Amino acid sequence: MALLMLMKSQGCVRSCVTITSRNLSSAPAPLAPPKLNSKLALFLYQRFHDVEQMVSWSSWLKRWTLRRKNVYYGYTQMHYGDNVAAAYYILCMKGRFRFAGQSDWFQTNYRGKFSWDFMNFRDVPIEEVDMSGTLINYSGLDNLESQQGLRSLSLRGCPEVDDWFLSHLHIFQDSLEELDLSHCSQITVGGLASLHRLRKLRRLGLSSLPRLQSPGLVRILLEEVLPHCHISGVEYSQGLDETGTDTGLQTETEINQLTEDHTYTQGPHRQTLTR
């Protein structure tokens, strides 16, 4: 009897050990520490409970930065002259330029720093400007309006260049010979129609303009109003289907109407920056 009870007790102990070992082996592994992205998401969630509020704040900050960058440099113009003010604006926007009669270009380095030697050219106008990839917009163009000897202007890949911007380029109608509008995503046929005022234009770059429905037809029409201008970046066949039919039926009518009747109103007032 004692032997039987001893065997039963040993069996219970073995069962307990087996169950315990199974429970320990099936226990979940310790959780890994949260990744940096998760910590950042949690941080933002705790402080921006409303996603719409966060998006609104981001949009406001973007508009404020854009206005700040393109503010009119009136203080600089008043104290140092038109040429220095225009040069300073270009460098602050991380663009580059060349003075008339000079071979060297002024531009920023990889840290955004630049030489102040342009201050020695107060009486020399700017002849070439390259604003490729910058945030220049309609308001910022006021800083270049004084450069009536401007021959070349590159706006390649400028996200804020739109039809309103192009309508104001007539201020360079007596000097501008080269214009690059490639990769400007906001430009439409309406803005290109206003370029007919640039009678001295000799080169025009129009590659990769996603909002043009019929680039080939636009090129043909622009060549009619600018007969001495070479247009690059657009093939005649672009925008036509296999039968040669225009896929944007309203393009020709729209550009002809805008060429004859330009009803652009007065732009926004300048904002003066006191430095």
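This section describes the strands, nonpolar core, aromatic pairs, cysteines and selected loop residues of a predicted model. Residues are numbered from 1 along each chain as its sequence is written, and side-chain values use heavy atoms, with hydrogens and water left out. Because the model is predicted, local features need pLDDT of at least 70 and side-chain atom pairs count only at pLDDT 80 or more, whereas totals for chains, interfaces and linings use all residues.

Helices (H or I, at least four residues) and strands (E, at least two) are DSSP runs, numbered from the N terminus. Two strands are taken to pair if DSSP finds at least two bridges between them. Strand β3 (126-130) pairs with β1 (96-99) in the antiparallel sense over four bridges. Within this pairing, F99 has I126 of β3 as its bridge partner. Burial was assigned from relative accessible area (buried under 20%, exposed over 50%, partly exposed in between; 1.4 Å probe, protein chains only). By this criterion β3 is mostly covered, five of its five residues being buried.

In soluble globular proteins, nonpolar side chains tend to be buried together. A nonpolar core is defined here as a set of buried Ala, Val, Leu, Ile, Met, Phe, Trp, Tyr and Cys residues joined through side-chain atoms within 4.5 Å. The largest such core has 52 residues, and L179 and L192 are those with the most contacts inside it. Elements giving two or more residues to this core are α5, β1, β3, α6 (163-166), α7 and α8 (215-225). Its largest share, seven residues, comes from α5. The surroundings of L192 were examined through contacts (heavy atoms within 4.5 Å). When residues up to four places away in sequence are not counted, L192 touches L166, L181, I187, L206, L209, L212, V218 and L222.

Rings of Phe, Tyr and Trp (its six-membered ring) were paired if their centres lie within 6.5 Å, with planes under 30 degrees apart counted as stacked, over 60 as edge-to-face and the rest as tilted. The count by this rule comes to 13 aromatic pairs. The rings of F99 and F106 have centres 5.7 Å apart and planes at 75 degrees, so this pair is edge-to-face. Both F99 and F106 are buried. For F114 and F118, a separation of 6.2 Å between ring centres and an angle of 55 degrees between planes make the pair tilted. F118 counts as buried, at 0% relative accessibility. One aromatic cluster is formed by Y73, Y88, Y89, F114, W116 and F118.

A disulfide was defined as a pair of cysteine sulfur atoms within 2.5 Å. A search of the whole structure finds zero disulfides. The cysteine sulfur closest to that of C184 is in C158, at 5.5 Å, which is too far for a bond. C184 is buried, with a relative accessible area of 0%, and C229 is buried at 7%.

Two residues other than glycine have a positive phi near 65 degrees: K94 and H183. K94 is placed in the loop between α5 (82-92) and β1, and its 60% relative accessibility classes it as exposed. H183 occupies the loop between β5 (178-180) and α7 (189-193); with 38% relative accessibility, H183 is partly exposed.

The loop between α7 and β6 (203-205) contains R199 and S194. R199 is exposed, with a relative accessible area of 53%, whereas S194 is buried at 4% relative accessibility. Leaving aside neighbours within four places in sequence, R199 is in contact with Q173 and V225. R199 and L226 are 27 residues apart in sequence, with a C-alpha to C-alpha distance of 6.7 Å. Polar contacts were defined as pairs of N or O atoms within 3.5 Å; within protein, one atom must be able to donate a hydrogen and the other to accept it, and residues adjacent in sequence count only if both atoms are side-chain atoms. A polar atom of the R199 side chain lies 2.9 Å from the backbone oxygen of V225. For S194, a polar side-chain atom lies 3.4 Å from the backbone oxygen of L166.
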